[in-house]
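Hello,

Here is the structure I said I would pass on. Please open it first and then read my notes below.

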Amino acid sequence: MPSIRELAIDLRVNPNTVQHAYSVMEREGLVQVRRGMGSFIAPNAAVAVGAAVRSAIAREAVRAAAGVGLSIGDLIAELEGLADGPDRHTIESRNVA
């Protein structure tokens, strides 16, 4: 990954902003910082991103369901019905790691 200074210059932002972003990504397991060597994408970054995406999709589904008066139990039943239907193979093949 680019150094903090390089990225700050490229993006025309304060280096502290880039440092903060790198720190957040390191805390979330997306980036590994090796002192004196730089910052690198963490080997398990795809897993962390996949988990974040799944969580965001689930939160959105619950929020949308609540907006139309659907309980979480009913939402789960609807989702299970979809998974058991003819599109099950398609749903499983798109499963995010």
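Two strands are said to pair if DSSP finds at least two bridges between them. Helices (H or I, at least four residues) and strands (E, at least two) are DSSP runs, numbered from the N terminus. This is a predicted model, in which local features need pLDDT of at least 70 and side-chain atom pairs count only at pLDDT 80 or more, while totals for chains, interfaces and linings use all residues. Residues are numbered from 1 along each chain as its sequence is written, and side-chain values use heavy atoms, with hydrogens and water left out.

The overall picture

The protein has 5 helices and 2 strands, and their order along the sequence is α-α-β-β-α-α-α. Of its 97 residues, 12% count as buried. Here buried means under 20% relative accessible area, exposed means over 50%, and partly exposed is in between (1.4 Å probe, protein chains only). The protein exposes about 7,500 Å², and carbon and sulfur atoms supply 59% of that area. Accessible areas come from the Shrake-Rupley method with a 1.4 Å probe, and for residues only the protein chains shown count as cover. Contact means heavy atoms within 4.5 Å. Among contacts between residues at least 6 apart in sequence, 23% join residues at least 24 apart.

The hairpin

Strand 1 (residues 31–34) pairs with strand 2 (residues 38–41) in the antiparallel sense, over 4 bridges. Val31 stands opposite Ile41 in strand 2, and Arg34 stands opposite Gly38 in strand 2. The hairpin has 3 residues between the strands, and Gly36 takes a positive phi near 80° there.

Leaving aside neighbours within four places in sequence, Ser39 is in contact with Met1, Tyr22, Val31, Gln32 and Val33.

Helix 3

Helix 3 has 23 residues and reaches 33 Å from its first C-alpha to its last, close to the 33 Å expected at 1.5 Å a residue. The expected span is 1.5 Å times one less than the number of residues in the helix. The buried residues of helix 3 are Ala45, Gly50 and Ala65. What covers these buried residues includes strand 2 and helix 4 (72–84). Just after helix 3, Gly69 takes a positive phi of about 80°.

How many salt bridges does the structure hold? It holds 1, where a salt bridge is a side-chain nitrogen of Lys or Arg within 4 Å of a carboxyl oxygen of Asp or Glu. Arg63 forms a salt bridge with Glu60, and the closest N and O atoms are 2.3 Å apart. Both residues lie in helix 3, 3 residues apart, about one turn of the helix. An α-helix has 3.6 residues a turn, so residues three or four places apart point the same way. Arg63 is exposed because its relative accessible area is 56%, whereas Glu60 counts as partly exposed, at 38% relative accessibility.

Val49 also lies in helix 3 (residues 45–67). Val49, Val53 and Ile57 form a nonpolar patch on the surface, with about 240 Å² of accessible area together. Patches are made of residues with over 30% relative accessible area and no salt bridge: like charges are joined within 9 Å, and nonpolar side chains (Val, Leu, Ile, Met, Phe, Trp, Tyr) within 5 Å. Val49 counts as partly exposed because its relative accessibility is 42%.

Regards
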